[in-house]
Amino acid sequence: MDVHTHLVPKGWPDLAVACGGEGWPWLRVDSERDAMIMVGETEFRPVGAQAWDPGTRRADMDADGIDLQVVSPTPVFFAYERPADQAIKVSRIFNDLTLDTLAGDSRLVPFCQVPLQDPDAACEELDRCLAAGHVGVEIGNHVGDKDLDDAGIVAFLKHCAEVGAPVLVHPWDMPGGPRLDRWMARWLTGMPAETHLSLLAMILGGAFDELPESLRICFAHGGGSFAFWLGRVENAWNRRGDVVRGKSQYPPSHYLGRFSVDTVVFEQPALRLLVDTLGEDQVMVGSDYPYPLGERPVGEVVRRADWLSEAQQVKLLSDNALRFLGDRTGRS
């Protein structure tokens with residue numbers, strides 16, 4: 001089971017006309033199997049048929065031994081920075097296109113996007129999507145300067161728990177600048193830092209204390225740098241509680257059972273750190289397919305982990321993901 005993949009439809013309406021505003025992403029189709037996501041006149045990311053063709057996706061899944069794949073939006077389409085009415089419209093467009101693209105394939109599990117800057121509208125769109133066939137929701141790790149402990153976002157996460165929708169948190173909108181715009185440094189350093197910060201917000205901002213334990217939430221890319229620096233956070237919580245504890249009721253390690261992470265960490269020492277720190281029940285295969293910084297073959301880092309028992313490998317390869325997805329996939 002692969003809980004972290006993305007989709008890009010092969011074309012969508014002119015979003016300036018459909019949603020209002022300017023500077024929207026659009027797709028420059030270069031051939032039958034190659035395209036470029038454009039933002040204005042800037043090339044954002046090349047994509048191929050893997051991004052939109054279920055047949056190509058299934059063939060790659062077969063080659064990698066993947067039975068089920070969660071398919072989420074590509075974060076560039078979130079539109080959190082825009083007025084809520086525009087984000088509502090673009091969410092509906094891409095959520096419907098996702099269902100059309102996957103065409104009810106039982107091996108491909110659709111996750112929707114929501115206009116997270118408007119929590120009420122986000123709840124309404126989630127409900128609409130669940131009724132239409134989506135299984136869960138992918139959200140970005142922040143909305144402007146609002147992190148995941150923001151009251152509105154916490155209210156949305158409470159709704160996710162109430163309706164049983166699993167949540168995948170994906171880093172996005174990383175800081176730029178001369179030091180970060182080289183070597184894909186925003187992806188190599190900014191993504192791990194963004195996810196780490198979001199987990200701190202959930203813990204120190206008191207979000208986990210407000211949210212029910214029934215919330216199923218997974219942080220992509222191995223939870224960023226959180227596992228490596230948990231000891232530093234724990235030390236700061238104990239030694240500088242006057243400024244670090246925030247609204248948290250317990251030390252950071254208390255919350256380790258409240259969230260999952262994927263395995264997009266590539267190397268054995270990193271995977272072992274995740275399992276040792278978070279527990280064998282909180283780690284599950286993800287790949288970031290079809291993007292080139294993802295893992296191929298999918299799940300290889302787990303399959304090569306001879307230090308895991310057979311039962312532990314089964315948990316990471318499938319059981320934990322099935323528990324995360326709940327009964328919405330029709331599997332058990």
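Is His-4 buried or exposed? The residue counts as buried, at 0% relative accessibility, where buried means under 20% relative accessible area, exposed over 50%, and partly exposed in between (1.4 Å probe, protein chains only). His-4 lies in strand β1 (residues 2-7); helices (H or I, at least four residues) and strands (E, at least two) are DSSP runs, numbered from the N terminus.

The structure is a predicted model, in which local features need pLDDT of at least 70, side-chain atom pairs count only at pLDDT 80 or more, and totals for chains, interfaces and linings use all residues. Residues are numbered from 1 along each chain as its sequence is written, and side-chain values use heavy atoms, with hydrogens and water left out.

According to the unreviewed UniProt entry, residues 2-326 carry the annotation "domain: Amidohydrolase-related"; UniProt positions are given in the numbering used here, feature names are shortened, and annotations may be inferred rather than shown by experiment. This span is 42% helix and 16% strand, and its end C-alpha atoms lie 14 Å apart.

The largest pocket has a volume of about 1,100 Å³. Among the 46 residues that line it, His-170, Pro-171, Met-174, Trp-187 and Met-191 are the closest to its centre. A pocket is found on a 1 Å grid over the protein atoms alone, as an open set of points where a 1.4 Å probe fits, with protein on both sides within 12 Å along at least five of seven lines; lining residues have an atom within 4 Å of a point. Grid points are joined across faces, edges and corners, and the volume is the space filled by probe spheres set on the points. At least two lining residues each come from β4 (42-48), α6 (185-204), α8 (226-239) and α10 (268-278). Helix α6 gives the largest share of the lining, five residues.

The whole structure contains 16 salt bridges, each defined by a side-chain nitrogen of Lys or Arg within 4 Å of a carboxyl oxygen of Asp or Glu. In the pair Arg-28 and Asp-30, the closest N and O atoms are 2.9 Å apart. Arg-28 is partly exposed at 27% relative accessibility, and Asp-30 is partly exposed at 46%.

A salt bridge also joins Arg-58 to Asp-105, with the closest N and O atoms 2.5 Å apart. Arg-58 lies in helix α2 (residues 54-64) and Asp-105 in the loop between α3 (84-102) and β6 (108-112), so the pair ties together parts that are 47 residues apart in sequence. Arg-58 is partly exposed at 30% relative accessibility, whereas Asp-105 is buried at 16%.

In the salt bridge between Asp-64 and Arg-296, the closest N and O atoms are 2.6 Å apart. This pair links distant parts of the chain, 232 residues apart, with Asp-64 in helix α2 and Arg-296 in the loop between β11 and α11. Asp-64 is buried, with a relative accessible area of 9%, while Arg-296 is partly exposed at 44%. Asp-288, in the loop between β11 and α11, has a positive phi near 70° in a residue other than glycine, and is buried at 8% relative accessibility.

A positive phi, near 55°, is likewise found for Met-184, which lies in the loop between β8 (167-170) and α6. Met-184, Leu-188 and Leu-293 form a nonpolar surface patch with about 290 Å² of accessible area together. Patches are made of residues with over 30% relative accessible area and no salt bridge, like charges being joined within 9 Å and nonpolar side chains (Val, Leu, Ile, Met, Phe, Trp, Tyr) within 5 Å. Accessible areas come from the Shrake-Rupley method with a 1.4 Å probe, and for residues only the protein chains shown count as cover. Met-184 is partly exposed at 43% relative accessibility, and Leu-293 is partly exposed at 40%.
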